[in-house]
Amino acid sequence: EHHLISNMENHTKVTEFILVGFKSHPGLQLLLSVLFSTMYAVTVVGNACMILIIRMDSKLHTPMYFFLENLSILDICYSSVITPKAALTFSLGRRIISYNGCASQMFFFSLFGTTEAFFLAVMAYDRFIAICNPLLYQIIMNKRLCVFMVVGSYLSGCINCTIQTGFAFSLSFCGPKEINHFFCDVPAVMYASCSDTLVNEIVMLAVCGSIIVGTALVVFISYGYIIMTIVQMPSAKSRRKAFSTCSSHMLAVSLFFGAVFFMYAEPGATSSPDKSNTISVLYTIVIPMLNPFIYTLRNKEVKRSLKKQLKRK
């Protein structure tokens, strides 16, 4: 009983955390603030345009664009959980985040991050069916399956973020409440706690690891088949066409999984926070911003649709 009481006392002490990511570079603060704000604006505008283009052009009402539209909605949410707060942190030096604010930031970041990994797997599967089973594409990728896959991705995200946040905030926090990051990422919050985090680290590696490995496998196997199919195509024109619908997705996927693998698979990611902070800028801020550009600039259909919309205006 005494142990419980002392534990309770520890819990009540911490009502807020201090985000100290990139604090050691005082000259960088303004630059980071401008950079984060600009990237956030580009992310929101770019993804909103993507959603509008897809909504307004009935030619783009296909499974591939249904997933792209959902990816854009996701990227806006994902970015909104982290970037505005980070930009304020750097510009005004508002480094304090409340206990509940930190928990909800971790919850939503985990939710959208996990969902993004599942989306990329779903989109790889969609391209796999389109290129390797073109005759059955309409039948297999029907509206019901598409909706089911999107909802399933969010549900998987929900399960993961509930586990991650629940485990991280069951730790007790005392002493210095500094989190060496610019947002409440799971490893950084665990590192700031004063309880033994071994169980948490095992849970995080097991759950996150299986999600990352599982979704990455779906992606790589799909692309393995896609590349084999493309190579065997008789005409250079059909090879080019097939490759151009996939190359943009391949680029987005390699960026995302590359950053995430690097982040979570490397032991001691919690011990060198500055390096992990820099990598997380990539997958939390840069990737949601690049996605619409990767998909539109490489994509003739979207460009054609844009021209058509602009002419109509």
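C246 is buried, with a relative accessible area of 0%, where buried stands for under 20% relative accessible area, exposed for over 50% and partly exposed for values in between (1.4 Å probe, protein chains only). The model described here is predicted, with local features requiring pLDDT of at least 70, side-chain atom pairs counted only at pLDDT 80 or more, and totals for chains, interfaces and linings taken over all residues. Residues are numbered from 1 along each chain as its sequence is written, and side-chain values use heavy atoms, with hydrogens and water left out.

A search of the whole structure for disulfides, defined as pairs of cysteine sulfur atoms within 2.5 Å, finds two. One is formed by C102 and C184, whose sulfur atoms are 2.0 Å apart. The angle about the S-S bond is -115°, and the link of C102 and C184 is left-handed. Helices (H or I, at least four residues) and strands (E, at least two) are DSSP runs, numbered from the N terminus. Both C102 and C184 are buried.

The other disulfide joins C174 and C194, with 1.9 Å between their sulfur atoms. The link of C174 and C194 is right-handed, with 130° about the S-S bond. It connects distant parts of the chain, as C174 is in the loop between α6 (143–168) and β3 and C194 in the loop between α7 and α8 (198–232), 20 residues apart. C174 is buried, at a relative accessible area of 17%, while C194 is partly exposed, at 39%. With the bonded cysteines of the chain numbered in sequence order, the pairing reads 1-3, 2-4.

C246 takes part in no disulfide, and the nearest cysteine sulfur, that of C132, lies 8.6 Å away. For C158, the closest cysteine sulfur is in C161, at 4.9 Å, which is too far for a bond. C158 counts as partly exposed, at 30% relative accessibility.

Open space in the model was examined next. Rolling a probe the size of a water molecule over the atoms shows where empty space is left. On a 1 Å grid over the protein atoms alone, a pocket is an open set of points where a 1.4 Å probe fits, with protein on both sides within 12 Å along at least five of seven lines. The largest pocket has a volume of about 810 Å³, a volume being the space filled by probe spheres set on the grid points, which are joined across faces, edges and corners. The lining of the largest pocket comprises 26 residues, of which R127, K241, S244, T245 and E301 lie nearest its centre; lining residues have an atom within 4 Å of a point. Two or more lining residues come from each of α3 (63–92), α4 (99–132), α5 (137–140), α9 (236–265) and α11 (300–312). Helix α9 gives the most, with seven residues. By class, the lining of the largest pocket holds ten nonpolar, six polar and ten charged residues. In this division Ala, Val, Leu, Ile, Met, Phe, Trp, Tyr, Cys and Pro count as nonpolar, Asp, Glu, Lys and Arg as charged, and the others, Gly among them, as polar.

Several individual residues were also examined. D126 lies in helix α4 and counts as buried, at 1% relative accessibility. Its side chain makes a polar contact of 2.5 Å with the side chain of Y137. A polar contact is a pair of N or O atoms within 3.5 Å; within protein, one must be able to donate a hydrogen and the other to accept it, and residues adjacent in sequence count only if both atoms are side-chain atoms. Not counting residues up to four places away in sequence, D126 touches P63, M64, F67, Y137 and M141, contact meaning heavy atoms within 4.5 Å.

H181 is placed in the loop between β3 and α7 and is buried, with a relative accessible area of 2%. A polar contact of 3.1 Å links the side chain of H181 to that of N277. Beyond four places in sequence, H181 touches L19, V20, G21, A188, N277 and S280.

S172 is in the loop between α6 and β3 and counts as buried, at 8% relative accessibility. Between S172 and D126 there are 46 residues in sequence and 44 Å in space, C-alpha to C-alpha. F22, in the loop between β1 (16–19) and α2 (29–56), has phi near 60°, a positive value in a residue other than glycine. F22 counts as buried, at 8% relative accessibility.
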